[in-house]
Amino acid sequence: MGKIGPARLEPATCRCNESVRWGTELRPGLPTAPFPLHHFTLPAKVFSALKSSMKYRHLGKSGLQLSELSFGAWVTFGQQIDSKTAVELMTIAYDSGVNFFDNAEAYAGGQAEIVMGKIIKNKNWPRDTFVISSKVFWGGDLPNQEGLSRKHVVEACHAALRRLQVDYLDLYFCHRPDPDTPIEETVRAMSDLIAQGKVLYWGTSEWSAESILEAYRIAREQRLVPPTMEQPQYNLFHRENVEHVLTPLYHEIGLGMTTWSPLASGLLTGKYNAGDPGDTRTSLRGYGWLQRQFESDETQQQIAKVTQLGKVAHDLAITLPQLALAWCLKNPNISSVITGASRPEQIRENMKAAEFVDKLDDGVMQRIETILQNKPQAGRR
Ligand SMILES: NC(=O)c1ccc[n+]([C@@H]2O[C@H](COP(=O)([O-])OP(=O)(O)OC[C@H]3O[C@@H](n4cnc5c(N)ncnc54)[C@H](OP(=O)(O)O)[C@@H]3O)[C@@H](O)[C@H]2O)c1
């Protein structure tokens, strides 16, 4: 069988009676099948993945391809949802073509990785069909359980490998900058983990452009492995960093970007427009900060904009979450938009967003700008 990219091979097969084009519309960059596929027996999972409209983007200048919509574990796994729901969400994501699952040592104190690791093991998904990440920074309260020292970076990697039950992490992020550790120490630790085969690509999250460039410079000078990607927040209300501050890095060092909170923790779904609906992440223990944020004057002004964005979505015959996600996908510098969901119906709705990107033409994008009035200004940094 030829190259099938990120499609999944499982033993079960099905007779493919539909004429499925194994071509660029479905998997950009892959060759078109040289024969009619309706005469071809496809493994069931390959067939369903080919039918999905998910597209794959390179992680910056690297060779790694990520699904443009990915799925993360923050708040939900090991905390808000039970294991059965976690299985359902991961399965829907995977069957929709998601190949990147995001996690961190800090999520639910490590429980999120334990839950995700069990699911991946039980599903027996081939290792070359998914990309898994962890992030290091907040591992505990004791002196060497936090930050980016060589000791914590290495120990957190080993612990994540155990929790996720994998032999290597595809992506390993420094969850935040550590002002108390020299960048050189962290770069060397990451580079060593890559040399040992425990990590494939390392990157940063919420680092300044200057610090990322510093890490890159050190790595180049000392023949170490430079960072490949950054993980910043990006959504309709949070644009400055991705659209302006980090912009030179995409071109200068080929930085990849996996972005977080595309729905601003649910605000951009419109469900907070008439007040807190209850039964969301704001009601969880430890998330009072988010509830207070949603009650702030700034959020109330944003809610007025969400109402107007709802009219744009309505005119396009899509939902607000789909509009917000499709808007993120319009940005070509983004490698993958990391989505989150606490319910199966949410992830089903969100995974359709990629189909609607073309609906956001210049006129629609301008209508959105007029509502938002927050386009980052060139020259400001
Ligand atoms: N690097 C970092 O510092 C960092 C920080 C944050 C997140 N992340 C990563 O990014 C991922 C996504 O972040 P996020 O969870 O904040 O993303 P988000 O898209 O902003 O929020 C997801 C939440 O919105 C609600 N939701 C999602 N789809 C919905 C829909 N269709 N209709 C109604 N409500 C919907 C759900 O919350 P309810 O349960 O409240 O309904 C869901 O859990 C995380 O899992 C994590 O992997 C990274």
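How many residues surround the ligand, and which are the closest? There are 32 around it, and the closest are D102, S261, K271, R281 and S342; a residue is counted here if one of its heavy atoms lies within 4 Å of the ligand. Keep in mind that this is a predicted model, where local features need pLDDT of at least 70, side-chain atom pairs count only at pLDDT 80 or more, and totals for chains, interfaces and linings use all residues. Residues are numbered from 1 along each chain as its sequence is written, and side-chain values use heavy atoms, with hydrogens and water left out.

**The pocket**
- The ligand sits in the largest pocket, meaning more than half of its atoms lie within 2 Å of the pocket's grid points.
- A pocket is an open set of points on a 1 Å grid over the protein atoms alone, where a 1.4 Å probe fits, with protein on both sides within 12 Å along at least five of seven lines.
- This one holds about 790 Å³ of space, taken as the space filled by probe spheres set on the points.
- Its lining (residues with an atom within 4 Å of a point) runs to 42 residues, with W74, S261, S265, R281 and G340 nearest the centre.
- Helix 13 supplies the largest share of that lining, 4 residues; helices are DSSP runs of H or I with at least four residues.

**Polar contacts**
- These are pairs of N or O atoms within 3.5 Å.
- Q231 puts a polar side-chain atom 2.9 Å from a ligand nitrogen, and a side-chain N or O atom of E349 is 3.1 Å from a nitrogen of the ligand.
- For H175, a polar side-chain atom lies 3.3 Å from a ligand oxygen.

**The shell**
- Helix 13 also gives the most to the shell around the ligand, with 3 residues.
- By class, the shell splits into 10 nonpolar, 16 polar and 6 charged residues.

How values were computed
Helices (H or I, at least four residues) and strands (E, at least two) are DSSP runs, numbered from the N terminus. A polar contact is a pair of N or O atoms within 3.5 Å; within protein, one must be able to donate a hydrogen and the other to accept it, and residues adjacent in sequence count only if both atoms are side-chain atoms. Ala, Val, Leu, Ile, Met, Phe, Trp, Tyr, Cys and Pro count as nonpolar, Asp, Glu, Lys and Arg as charged, and the others, Gly among them, as polar.
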